[in-house]
Amino acid sequence: MLDVIDMTSPIVALVEKMHGRYICLSHCWGRQSHFRLTRETLSQMRAGLEIWRLAKNFQDAIQITRLLGIRYLWIDALCILQDSHLDWELESAKMGQYYKNSWLTISAGMSDGAADGLLAKHSTHGRPIFG
């Protein structure tokens, strides 16, 4: 689970245990490469990672979570080791429970990938306007 700490902090950190409500992000990964949790990045995520290093969808989800006053956020790419078959197997089996028990799930339904962002302007036809 990500601890998004507070509105003034430029970092988020991966924590093993959380207390209280949390939000989930449902998103399309897209084709572009973005920061993910791996064995190599695990210590960085535990110590705290600068938000600007994350994909725009993740940054926006952190901002929304903070604005709603919720401390924790679950994003599969940042909470499941992406280079561990065992962790992926164990954690993906729990995904339904993560979504079911979340206080809110943010759906990035208007973005084609993690780099698009959730807070894009939309036309009157419901299509995102980027730029």
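Which residue in β6 is the bridge partner of Leu25? The legends below answer this and describe further close-up views of a predicted model.

**Figure 1. Overview of the predicted protein and its secondary structure.** The model shown is predicted. The protein contains five helices and eight strands. Along the sequence, these elements follow the pattern β-β-β-α-β-α-β-α-α-α-β-β-β. Of the 131 residues of the protein, 43% count as buried.

**Figure 2. The open sheet of six strands.** The strands of this sheet are arranged in the order β4-β2-β1-β5-β3-β6, and their pairing is mixed. The next two views show examples of both senses of pairing.

**Figure 3. Parallel pairing of β3 with β6.** Strand β3 (residues 22-26) and β6 pair in the parallel sense, and four bridges connect them. The opening question is answered here: the bridge partner of Leu25 in β6 is Ile106.

**Figure 4. Antiparallel pairing around β2.** Strand β2 (residues 11-14) is joined to β1 by two bridges, and the two strands run antiparallel. Within this pairing, Asp3 stands opposite Ala13 in β2. Two bridges also join β2 to β4, again in an antiparallel arrangement. Here Val12 has Leu49 in β4 as its bridge partner.

Figure 5. Asp3 belongs to strand β1 (residues 2-3). Is Asp3 buried or exposed? Its relative accessible area is 7%, under the 20% limit, so Asp3 counts as buried. The side chain of Asp3 makes a polar contact with the side chain of Arg71, at 2.8 Å.

Figure 6. A search of the whole structure finds two aromatic pairs. Trp74 and Tyr99 form an edge-to-face pair, with 5.6 Å from centre to centre and 85° between the planes. Trp74 lies in strand β5 (residues 72-74) and Tyr99 in helix α5 (residues 95-101), so the pair ties together parts that are 25 residues apart in sequence. Trp74 has a relative accessibility of 1% and therefore counts as buried, whereas Tyr99 is partly exposed, with a relative accessible area of 26%. Together, Trp74, Tyr98 and Tyr99 form one aromatic cluster.

**Figure 7. The largest pocket and its lining.** The volume of the largest pocket is about 330 Å³. Of the 15 residues that line the largest pocket, those closest to its centre are Met1, Val15, Glu16, Cys79 and Glu91. Helices α1 (42-47) and α4 (85-92) each supply at least two residues of the lining. Which classes of residue make up the lining of the largest pocket? The lining divides into ten nonpolar and five charged residues, with no polar ones.

**Figure 8. Val15, a lining residue in a loop.** Val15 is among the residues closest to the centre of the largest pocket. The place of Val15 is in the loop between β2 and β3. Val15 is partly exposed, with a relative accessible area of 22%. Although Val15 and Arg46 are 31 residues apart in sequence, their C-alpha atoms are 6.4 Å apart in space.

Figure 9. Arg66 lies in helix α2 (residues 56-67) and is buried, with a relative accessible area of 12%. The C-alpha atoms of Arg66 and Val4 are separated by 7.0 Å, while the two residues are 62 residues apart along the chain. Ala55 is placed in the loop between β4 and α2. Ala55 is likewise buried, with a relative accessible area of 8%. How many residues apart along the chain are Ala55 and Gly117? They are 62 residues apart, and their C-alpha atoms are separated by 7.8 Å.

Notes
Residues numbered from 1 in each chain as written. Predicted model: local features only at pLDDT ≥ 70, side-chain atom pairs only at ≥ 80, totals over all residues. Heavy atoms only, no water. 1 Å grid on protein atoms, 1.4 Å probe; cavity = no way out; pocket = protein on both sides within 12 Å on 5 of 7 lines; lining within 4 Å. Points joined across faces, edges and corners; volume = space filled by probe spheres on them. Nonpolar A, V, L, I, M, F, W, Y, C, P; charged D, E, K, R; others polar. Phe/Tyr/Trp six-rings, centres within 6.5 Å; stacked < 30°, edge-to-face > 60°. Buried < 20%, exposed > 50% of the residue type's maximum accessible area, 1.4 Å probe, protein only. Pairing = 2+ DSSP bridges. Polar contact = N/O pair within 3.5 Å; in protein donor to acceptor, adjacent residues only side chain to side chain.
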